[in-house]
Amino acid sequence: MIVAERKPIEEIIGFVQNCKKILIVGCNECVTVCYAGGKKEVGILASALTMAFMKEGKELEIKEVTLERQCDPEYLEELRGFIDEYEAVISLACGAGVQFLAEKYLETPVFPGVNTLFMGVTEERGVWSERCQGCGQCILGQTAGICPISRCAKRLLNGPCGGSTKGKCEINPELDCAWQLIIERLKKLERLDDYETLIPIKDWSTERAGGPRKLVREDLQQ
Amino acid sequence: MNTKTPSRLEKILASGHLAVTSECGPPRGSDGEVITKKAEMIKDYVDAINITDNQTSVTRLCSLAACIRLKLMGLEPILQMVTRDRNRIALQSDILGAASFDIFNILCLSGDHQQFGDCPQGQNVFDIDSIQLIQTVRHMRDEGKFLGGDDIARPPRMFVGAAANPFADPFEIRVRRLAKKVAAGVEFIQTQCIYNLEKFELYMKQAQERGLHEKVSILAGVTPFKSAGMAKYMKNRVPGMDVPDEVVARMSGVPKEKQPEEGINICVESIQRLKEVEGVRGFHIMAIEWEEMVPEIVKRAGLYPRPKVE
């Protein structure tokens, strides 16, 4: 999923401090699962903003809506009937959702309520970590199912570097060395010899380096 | 004598001598005299001089410019190049720039993460890794071509080196990693500072079993401790460094004013023992901000005078 965390309340207040009527839009997908932007967090943010405004003797009318997804036009259409009544929208979706909402409603200011962090997993309750950077050419088949691009601080394809200490990364003793994990897994798979295969220079043109990416599936287009 | 480049370091190794290299860190400013002064101190005691490339990610005068200064002094630089700060365009371009000044040695590194330096908020590049940089230089030199496939007019003639850390984890793949660098085409290795001699001997034994010591010239890295504090710092704070307790105890066991001398003693004794290790073809003496001690270390280790090669 896409993992996000709520922005500091002061920053969000700064976006809407001159408003009297705003819409807070949550998203029922990833940001709900990581407790950053689902229905519950929409309610919490609305209460926090109401209280902050009250303290300054101001009133703020807030409508709370949580869409199934903000990255799909059909769900964003649900805002069409009433969005014009509001001076601003705070979207608690990931960066994709915030932008798509803004794209669909050009005349209403849209502000992000979360910082979008990474594509990752729930390690345990309250702990999420990165697993994928969407490089566009998956190499997990060569690296024992552990991604050195997203999990090695230097994204080394033939690592580990000389800073790997006791299974941890040199930049943070809490962070597992991706290459240590790869090597342990290769051993369990009895494929440690595979480590010696040189992974060639990567084609990054399918990654961010190649510019904004787009996928078109003609078989699915009408 | 079968050599592939005009590198003096390659010639010395090919003729069977133990090679001696050392390194100079460029200044945090534009005074080029800092480099030439450091080089003057050590030039008669080493065969080639590494110039570090923004080591520990602290911004400094660039390695290439410092190497050119050494070249203009008639010395033999080893251009250190990290993949942290440059993509494949800039790497190839800097390699050609170095080659245009007839810099004949390169050390291919990935580089410390920028978090350790003065720009922890900066981006890193890591378009390619150190092993792929080895492949890149060999490709440019041997095929005479850019990575993109076009011909290079006057390809670089560089003796290609890399670092190896026998002490980082996991230990069991350290020799396998060396084998990967050899497969990528590396010709000389400078190791991380060796304090745990037994562990290094085990590493070399494993390298010998695979015949790697005959395919690549391994220069054993040594760094003298200036003080017991430095020994403790290296032990506890520097990632991938293996300083045994007894070495720290030996440094701590002498009075503060005698500690620099003890550090040099340990360094010289290490070199003497490492000379006996099969596959050790020379020494890389990293006297960090203590370059003036290199002559004494080289002399006391019986590595002076340096051989003359044509």
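## A tour of the pockets, cavities and interface

The lining of the second largest pocket comprises eight nonpolar, eight polar and 11 charged residues (nonpolar: Ala, Val, Leu, Ile, Met, Phe, Trp, Tyr, Cys and Pro; charged: Asp, Glu, Lys and Arg; polar: the others, Gly among them). This is a predicted model, in which local features need pLDDT of at least 70 and side-chain atom pairs count only at pLDDT 80 or more, while totals for chains, interfaces and linings use all residues. Residues are numbered from 1 along each chain as its sequence is written, chains are lettered from A and ligands numbered from 1 in the order in which they are written, and side-chain values use heavy atoms, leaving out hydrogens and water.

**Stop 1: the second largest pocket.** Select A:Glu130, A:Gln133, A:Ser150, A:Cys152 and A:Ala153, which lie nearest the centre of this pocket among its 27 lining residues. On a 1 Å grid over the protein atoms alone, a pocket is an open set of points with protein on both sides within 12 Å along at least five of seven lines, a cavity is a set where a 1.4 Å probe fits but cannot get out, and lining residues have an atom within 4 Å of a point. The pocket holds about 860 Å³ of space (the space filled by probe spheres set on the points, which are joined across faces, edges and corners). Next, colour strand 9 of chain A, which gives the largest share of the lining, four residues (strands are DSSP runs of E, at least two residues; helices are runs of H or I, at least four; both are numbered from the N terminus).

**Stop 2: the largest cavity.** Select A:Cys152, A:Ala153, A:Cys161, A:Cys169 and A:Cys177, the residues nearest its centre out of 16 in the lining. The space here is about 130 Å³. Strand 9 and helix 7 (178-188) of chain A each supply at least two lining residues.

**Stop 3: the second largest cavity.** Move to chain B and select helix 11 (residues 259-275), which gives the most to this lining, with four residues. The cavity has a volume of about 50 Å³, and its lining has no charged residues.

**Stop 4: the interface.** Show both chains: 31 residues from chain A and 34 residues from chain B take part in the contact (heavy atoms within 4.5 Å). Finally, select B:Arg176 and A:Asp193, whose side chains form a salt bridge (3.0 Å, N to O).

Note on methods: Salt bridge = Lys/Arg side-chain N within 4 Å of Asp/Glu carboxyl O.
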